[in-house]
Amino acid sequence: MLLRVRVELPDRPGSLAQVTKVLGAAGADITQVTVLDRGEGRAVDDITVCCPAGTPTQTLVRSLQGVDGVTAVSVWPTREAPGTYPELEVLKYLTTAGDRALTTLVDSLPALFSADWAAAVAGRRVVHASWRAPCDPAVPLEPPARPEALTLDDGLHAVHAPLPPLALSLVLARSEGPAFHRIEVHRLTRILEIFLSLPATEHSLARRLHA
């Protein structure tokens, strides 16, 4: 099974090597490392690992707790296959999806961001929700001026993003794992900018909204 491990560690030579050594000893096959942040002597990394089915996430957390200066922020399931270029694949499909561009985008985002579900909403009305979305998904009341990460009252981590020029917004959420990092928000923002620039997008959104 694939897991995403988010760690904070000292930004110095050898720190990441210690982390990967400990994870390997715990039975995790490391397949990808993404640096999210660096500054003031610290770094934040997302590490994708492949573990035997049923491996308790706490096993990995405990293995990391013994590494000097390392904080295991979270361990959670992911469906994003390492070594691929999933954004490019999704954007390729969006260019030919026509009226299904919006649903294709919403259905693809959870796997891209190791999240649980996504939904496009008009106010409180769900226009389209991805697989695994709850029947009545939590939706913030007012869409923000720009995409922003937030944690709702029930502890659900989300990104809420406007979809101009129509009165639509997008919610991307995960119940497991950490809050969305600013780099993840930036990545989502760029994907949405490309999506909204596609020639057929506005007409597709209009039809979905008024269906």
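Before you click on anything: helices (H or I, at least four residues) and strands (E, at least two) are DSSP runs, numbered from the N terminus. This is a predicted model, where local features need pLDDT of at least 70 and side-chain atom pairs count only at pLDDT 80 or more, while totals for chains, interfaces and linings use all residues. Residues are numbered from 1 along each chain as its sequence is written, and side-chain values use heavy atoms, with hydrogens and water left out.

**Stop 1: a sheet of four strands**

Start by colouring β1 to β4. These four strands form an open sheet in the order β2-β3-β1-β4, with antiparallel pairing (two strands pair if DSSP finds at least two bridges between them). Now select 29-39 and 71-77: these are β2 and β4, which stand at the edges with a single partner strand each, so one side of each has no neighbour in the sheet. Turn the view and follow the twist, which averages 15 degrees from one strand to the next. Angles like the ones on this tour run from 0 to 180 degrees between N-to-C directions, and axes are lines fitted to C-alpha atoms, for helices over the stretch in contact.

Next, pick residues 42-50, which make up β3; its antiparallel pairing with β2 runs over nine bridges. In the hairpin of β2 and β3, two residues sit between the strands, and Glu40 takes a positive phi near 55 degrees.

Contact here means heavy atoms within 4.5 Å.

**Stop 2: Ser63**

Jump to residues 57-65, helix α2, where you'll find Ser63. Is Ser63 buried or exposed? Ser63 is buried, with a relative accessible area of 18%; buried means under 20% relative accessible area, exposed over 50%, and partly exposed in between (1.4 Å probe, protein chains only). Show its neighbours: leaving out residues up to four places away in sequence, Ser63 touches Val22, Leu23 and Ala26. Its side chain also reaches the backbone oxygen of Leu60 at 2.6 Å.

**Stop 3: two helices side by side**

Two packed helices are described by the angle between their axes and the distance between the axes. Select 86-96 (α3) and 101-112 (α4): their axes come within 10 Å and cross at roughly 170 degrees. That makes α3 roughly antiparallel to α4 (angles under 35 degrees count as roughly parallel, over 145 as roughly antiparallel, 65 to 115 as roughly perpendicular and the rest as oblique). To see the contact, show Pro86, Glu87, Val90, Tyr93 and Leu94 on α3, then Ala101, Thr104, Leu105, Ser108 and Leu112 on α4.

**Stop 4: a sheet of five strands**

Now colour β5 to β9. They make an open sheet of five strands in the order β6-β5-β9-β8-β7, paired antiparallel. The edge strands, β6 (125-129) and β7 (148-151), each pair on one side only. From one strand to the next, the twist averages 30 degrees here. Bring α4 back into view: α4 lies across β5, β6, β8 and β9 (168-174), at about 145 degrees to β5. Then select 182-197, helix α5, which packs on the sheet and touches β7, β8 and β9, its direction making about 30 degrees with that of β8.

**Stop 5**

Zoom in on His157, in strand β8 (residues 157-163). His157 is the bridge partner of Thr151, and a polar contact of 2.9 Å joins their side chains. A polar contact is a pair of N or O atoms within 3.5 Å; within protein, one must be able to donate a hydrogen and the other to accept it, and residues adjacent in sequence count only if both atoms are side-chain atoms. His157 is buried, at 15% relative accessible area.

Beyond four places in sequence, its contacts include Arg79, Pro110 and Phe180. Finish by finding Gly177, which is 62 residues from Ala115 in sequence and 8.5 Å away in space, C-alpha to C-alpha.
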